[in-house]
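Thank you all for coming; I would like to walk you slowly through a structure that may be new to you. Please keep the sequence and the 3D view open while I talk.

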Amino acid sequence: MSADSTTGPAGNDRDGSLHGARFAARASGFHPSPVRAVFEVSMLPGMISLAGGNPDLSALPMAEIADAARTLLVEEGLDALQYGSGAGTETLRQAISEVMAIEGAHTSPANVQVTAGSQMALELVTTMFCDPGDVVLAEGPTYVGALSVFEGLQAEVAHVAMDDDGLDPVLLQERIDEVKSAGKTIKFLYTIPNFNNPAGVSLAVHRRQAVVDICRAENIAIVEDNPYGMISFDGSYMPTLYSLDPDNVFYLGSFSKIFSPGVRIGWVVAPEQVRGRLQIAAEATTICPSMLSQMLVVRYVRNFDWRDYVEKSSATYAARCAATMAALEEHMPSGTTWTVPTGGFFTWITLPEGCSVTELLQPSIENGVVFVPGIAFYADGEGTNQLRVAFSFEDESMLEEGIKRLGATIATLAAGQAG
Ligand SMILES: Cc1ncc(COP(=O)(O)O)c(C=O)c1O
């Protein structure tokens, strides 16, 4: 079924005659995005997908994890299959505070709220802080799933441009002044400082204090989304914004990239009173995070050499990134530029002058390679000459072939523009 084939059994279009007038106003914020269609194309047999940012789970010690899951059920099944605390289990919250300390972010389990992935954490924070029409500042480009949350909850997005050093503090200040002088309320800055999805760049260490200071002075909270911080190709970690101003930063973390997205375990760190409010809102949606998943994650963190796994998978991603960079050098026509990531899953490509990414998508799919068009990562229609390439999932030879085909398609498009 395609993303927009929603005809029900009685023949009524779901948005149409029967229920159409009943939808709440906010429902219009939740609509199938063009990205969904791209992801469906990426499943077609023979298609090289540079679209989905899935982690490669092939190096997970699956037999041992299966044993751990079995032992968990045998030893603690009555708890694992039961309801639990809305905040998350004490043992997991403790483990999360230890995981965060590895990146230099020190917090107490009392500040940790466990969620179903960091996606839910972002939804919770936005629900609790944004009224319709409130403004969220976000990097341009930014994570498409964050844009879905903001749009769904009727928050406006004001983008702040990045360069190779990430968010520019001067432009951040300018944007704040602009939004405030338009009489609007800014609730928070949403930022992915490490190995940004989709841009592949990181906020330079020398800019971090400036970003934190500006937000403090302007009375704007920061939502720091850091799912990729440990996927660092040289093994070094940058200081979290949370460590620079724990009272003003809500920190979002996730096990999706360092263990498994399937367990759906993420978290948000917030000052204690705020965390308590977030828990009440979370309970209204999920009652409690999955006990089974939480307890499996605790076993993963306690009983496995998970840091070795993260190191090995980061080396895999680094090799794939290097292959992607080499293929881009070899196959992209002149005038094409791209970012050079030092971690994470993505590089961000800008097409030669005059080329449109919407015109590129169809011929590219016909050539057997799919990517996500840049417009998906902006709330304001920007990104028409840009695209995201994910190098996390395909192996080196597929990446090389995919970039080769993409380069040829761009060259044809660019030649058409010139001619
Ligand atoms: C920047 C960013 N934030 C949040 C998420 C959601 O992650 P989770 O699986 O923890 O919900 C993703 C997933 O790709 C992401 O890239």
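About 790 Å³ of space lies in the largest pocket, where a volume is the space filled by probe spheres set on grid points that are joined across faces, edges and corners. By pocket I mean, on a 1 Å grid over the protein atoms alone, an open set of points with protein on both sides within 12 Å along at least five of seven lines, while a cavity is a set of points where a 1.4 Å probe fits but cannot get out, and in either case the lining residues have an atom within 4 Å of a point. Before I go further, please note that this is a predicted model, in which local features need pLDDT of at least 70 and side-chain atom pairs count only at pLDDT 80 or more, whereas totals for chains, interfaces and linings use all residues. Residues are numbered from 1 along each chain as its sequence is written, and side-chain values use heavy atoms, with hydrogens and water left out.

The lining of this largest pocket consists of 35 residues, and those nearest its centre are Phe-39, Gly-53, Asn-54, Tyr-143 and Lys-257. Helix 1 (34-42), helix 4, helix 5 (144-152) and strand 8 are the elements that give two or more residues to that lining; helices (H or I, at least four residues) and strands (E, at least two) are DSSP runs, numbered from the N terminus. By class, the pocket lining has 15 nonpolar, 14 polar and six charged residues, where Ala, Val, Leu, Ile, Met, Phe, Trp, Tyr, Cys and Pro count as nonpolar, Asp, Glu, Lys and Arg as charged, and the others, Gly among them, as polar.

Where does the ligand sit? The ligand sits in the largest pocket, in the sense that more than half of its atoms lie within 2 Å of the pocket's grid points. Around the ligand there are 13 residues, of which Ser-118, Asp-225, Tyr-228, Ser-254 and Ser-256 are the closest, and a residue is taken as near if one of its heavy atoms lies within 4 Å. This shell divides into four nonpolar, six polar and three charged residues, and helix 4 (residues 117-129) gives the most to it, with three residues.

For Asn-197, a polar side-chain atom lies 2.8 Å from an oxygen atom of the ligand. Taken alone the ligand exposes 400 Å², and the protein buries 91% of that, with accessible areas coming from the Shrake-Rupley method with a 1.4 Å probe.

Pro-198 is found in the loop between strand 6 (186-191) and helix 7 (205-217). The peptide bond from Gly-140 to Pro-141 is cis as well, with omega near 5°, and Pro-141 has its place in the loop between strand 3 (135-140) and helix 5.

Finally, how many cavities of 30 Å³ or more does a search of the whole structure find? The search finds one, and about 80 Å³ of space lies in the largest cavity. Strand 8 gives the most to the lining of that cavity, with three residues.

Technical notes
A polar contact is a pair of N or O atoms within 3.5 Å; within protein, one must be able to donate a hydrogen and the other to accept it, and residues adjacent in sequence count only if both atoms are side-chain atoms.
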